[in-house]
Amino acid sequence: MSKLFKRFMAVALVVVLAFVFVGCGNGKKADLNDGGSVFHIYAWNTEFQGFFNKYVSDEKKNDPSIETYHLDGIPVKWTITTSDNGAYQNALDMALRENGTANEENKVDMFLAEADYILKYVNTSLTKDIETIGVDDFSQAYQYTVDIATDRANVIKAASFQCCPAGMVYRRSIAQEVLGKSEPAEVQPLVDSWAKFEAVAAQMKAKGYYMTGSYADTYRVFSNNADKAWVDENKNVQIPTPVNTWMTQAEKFVKEGYTKTEGVWDGGKTIEFAEGGKVFCTFGPAWYYNFCMGPAMGTGDNHEGGTYGDWALVAGPQAYFWGGTWLLCPSAGSNDSLVSKTMNAFLTDEEVIEKLVKDDSQFSNNKKVNAKVAADYEAEGKGNGLLKGQNDTKVWVDMADNIQVKYSTIYDQQCNEGLQTAFVKFLKNDEEINTKAKALADFFADLQKAFPNLVVPK
Amino acid sequence: MKKDKNKKSPSYAKWGYIFVASFFIVYLIFTFIPQVLTIYDSFFDYSDIVGTLENIVYFCGFKNYKMLFSVNMRGEIELLRCLGNTIVIWVIGAIPQMLFGLLLALIFTSTKLRLKGQGFFKTVFYMPNLIMAAAFASLILALFGTIGPFHTLFVENGWIAQTFDFISDKTWARILIAFMNFLMWFGNTTILLMAGIQGIDDSVFESAKIDGASSSHVLWDITLPLLKPISVYVLVTSMIGGLQMFDVAQVLTGKAKNNSTRTIVMLINDYLVNGNYGHAGAVSVILFIITAVLSIFVFKSINRKGDEK
C-alpha cells in the first residue's frame, strides 16, 4: 500500500514539475525571489510613481491623501533621488552593490533608468533576465525599446512603459509667411532631407528668421541614427559618421546665422518660442513639446504671450528617438512577482495602456493600443491644442516603427554631451578652442579624463 | 584615609577629556578617516570600473600620480593648468581684497576720522559672506548669461558680438569669479586687519605723534611693519582658501567646461563624478601637500611674532 502510494506520489511530482516548466514558457526557467514585506522602488522623479499608483497599485488612483500604496497587499516604498550631478546613479549604484546583503526592507526590488545610461545597468550581473520573472511578451513593444535593454549575451534586462519617437515641430505662421504653406502634409516634403532642410534654413534667414534656436537642436537626430558605436570592442573611440555630418552642419548654420549658439536647454533658445519669436522649428518627442516648451504655452487659459496653436508636427529629415524610461529588476530583489506584474501591466494590459495614452498624453510602448488611440482620435477629430488640434498620436504611430538603436555603449552620455560642449566652444570662437581639430582634442581630453582606459584617435 | 585623599583632590580631568572628546570623535570620523582613505585610494586603479557597476580595483603604485603629470590631448598637463587657473583667479581677487581691506581698516581705526557706526559698516561688509556661494554664483550667472541684462546691455551698445558669452570667455569668467570671491571675503579681511591695527600699542602711535611724525610716516614706518604678522596670516589663509576654490567657479562655469576657470578642486570633482577615486585621491593628496606647506608657513610666521615679544 505504502509502496503504491510512493509510486503515485512520484508520478504526481513529475506531472506537477512538467506543468511548472511548461508554464514558464520561452524555455526559460522561472527564477523568482519573492516574499519581501515591502515593495521598494528607486526612481529620480515621481512621474512613473503617478502612473504606478493610478494603474497598477491596489488603490488604483493617484490620491495625495493616501500615505502608502499597496500592490497585492504589500506596501510600496519609493526612494526618489534627483538626477542632478549623477546623484541618482550614485545612490542606486551603492544600493545595488549592497542589495545582496541589505536587510529585506532596504533591498531594491525595482528601479528606473533612462536611455542615456541604461546600458550600465543592462550589462551587469546585478540585474535580472526579466523573461525569468515572467515578462516575456514583447510582441507589441517597439523593437528599439527591447534592443536597448538587451545585454551582450542577448538577455533582455528591462522593459519600457513608453516609446519616444521624435520629430520636428515648426511654427505654422512662419511657414505660411516664408514658405507659403503651413499644413504638415505640405511642409514635410520641403524638409524631408537634410539638403532640403538647409535650403529652407536659407529662406528663413532671408526673411529674418532662425531655422532653429540652438546649434544642437538637430544633434540627437544625427547621433541617435549612428552608423557605429562611440567606442569599439577594443575601447577605441570613434566618431560616428552622422555626428561628423552634424558638426559640418552646425558649423555652417552658425556661420550663416541660421541658428543661435544656445544650448538645447538654454533660455536663449526657448525664449524664441514665445510670441514674436524668430525661431522656425525645433526637434523633440512628445514629452519635449508637451512639457518643455514653456514660453510657447504663454500664461493663463488664453495662453497670452505664447504661440499656442501655432505649431505643427512633422517627421522632418529623419526619424529618431530621444529619451525614455525603463524598468529593471535587480538580481537580489525580494518581490520579483510584483516587478513582473508592474512591467506586464505597461507592456500588455491594453486597458491600462489605453488610459495611459489618453489620460496622460504618453505615447505607450504598445503598438496595438497606440494605433487604436490614433484611430479613435482621428474619428473623434481630437488632437493636441499646442499643435492646432493636430492628431500627433497618429504621426508617432507612423514614425515609431522606423526607430533603430543599433549601437549603444556605456559611454554614450559622456560622448554625446562632451562632444557638444567642446564643439560649441569652437562655434563661439573660444580663444583657445578655435578650430574644429582643437574642439575634438578638447572633447577627447575630457573623455579620457572621465574614462582613462579609452583610446582616443591621435 | 583613602576617602579623605579623594575628597582633597577631586579629579576633574576626566570631564575635560570628555568635553574635548566630542571634537576628536567628529574629527576622527569626518576628517581623519576620510583623509587616510583618500591617500589609500590614490594608490588604486579605478580605470577599469569607471562607468560600470563592477567593484574590483587593484593596487597600482604611483600610476595615478604619473598619469596626472602626463600631457593630455589638449597638449597640457591638466593638473598644472588647473593649479595655474586657481592661482591666477586667486591673485586677481586677493590683491584688491587685501588692499581694499587694508584701506577700510585704516579708515575705520583712524583716530583722526573717528567714524561713527562702525558696527553697522562691519556687518554690511561681512554680509556678502553670509550668502551661500552657490546662490551668489547663480545670481551672477543669471546676470551675465546670454539672456541676462548685462549681455543685452553690452550687445546693444555694440561692445560685444551677439554670440559672445561672458561665462565661456577666458578673461571675463576669471574676472567674474575673482570679483565674487573679492566681494565675499573683503569684509572678513577688513575685520581681521582692524583687529590687528587695534592690537598695536597706542603708546607707539602717541610717541610718534609727539615726535612730529606725519600720517604717511606713521602708516609706512609703524602701522604696516607692526601689522606684518597678521597680514601674513591673512594672506596665507586666503591663499589656502583660494587653493580650495570650488563652489563659485563650478556653479558659474562648470557647465560650460571653461578650461581657463577649472580650479584644482573642480578637477577632483571631475574625477569623482565618474567614481574614479584613484585619480581624485591623487589630486587631493597633491593639494593636501601644498596646503600643508602653506600651513607650516603660517604657524612659523605666527610663532615668530611670539618670539619677538
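Two strands are taken to pair if DSSP finds at least two bridges between them. Helices (H or I, at least four residues) and strands (E, at least two) are DSSP runs, numbered from the N terminus.

## Basis of the model

This is a predicted model, in which local features need pLDDT of at least 70 and side-chain atom pairs count only at pLDDT 80 or more, while totals for chains, interfaces and linings use all residues. Residues are numbered from 1 along each chain as its sequence is written, and chains are lettered from A and ligands numbered from 1 in the order in which they are written.

## The sheet of chain A

Chain A holds an open sheet of 6 strands with mixed pairing, in the order β2-β3-β1-β4-β11-β5. The edges are formed by β2 and β5 (158-160) of chain A, each with a single partner strand, so one side of each has no neighbour in the sheet. Strands of a sheet pair through backbone hydrogen bonds, either parallel or antiparallel.

## Domains of chain A

Chain A is assigned domain 1 (39-161 + 324-375) and domain 2 (165-321 + 405-450); such bounds come from an automatic or database domain assignment. The centres of domain 1 and domain 2 of chain A, taken over C-alpha atoms, are 30 Å apart. In chain A, 11 residues of domain 1 are in contact with 10 residues of domain 2, contact being C-beta atoms, placed from the backbone, within 7 Å.

On the domain 1 side of this contact, the elements giving two or more residues are α4 (118-122) and α5 (143-147) of chain A. That side divides into 5 nonpolar, 3 polar and 3 charged residues. Here Ala, Val, Leu, Ile, Met, Phe, Trp, Tyr, Cys and Pro count as nonpolar, Asp, Glu, Lys and Arg as charged, and the others, Gly among them, as polar.

## Helix packing in chain A

Helix α18 (residues 412-427) and helix α19 (residues 436-450) of chain A pack at an angle of about 145°, with their axes 8 Å apart. Axes are lines fitted to C-alpha atoms, for helices over the stretch in contact, and angles run from 0 to 180 degrees between N-to-C directions. Residues of α18(A) in the contact include A:Leu419 and A:Phe423, and those of α19(A) include A:Phe443 and A:Leu447. The contact of α18(A) with α19(A) comprises 9 nonpolar, 2 polar and 5 charged residues.

## Contact between the chains

Between the chains, 22 residues of chain B are in contact with 34 residues of chain A. The side of chain B that touches chain A divides into 6 nonpolar, 10 polar and 6 charged residues.

Terms used:
Contact = placed C-beta atoms within 7 Å.
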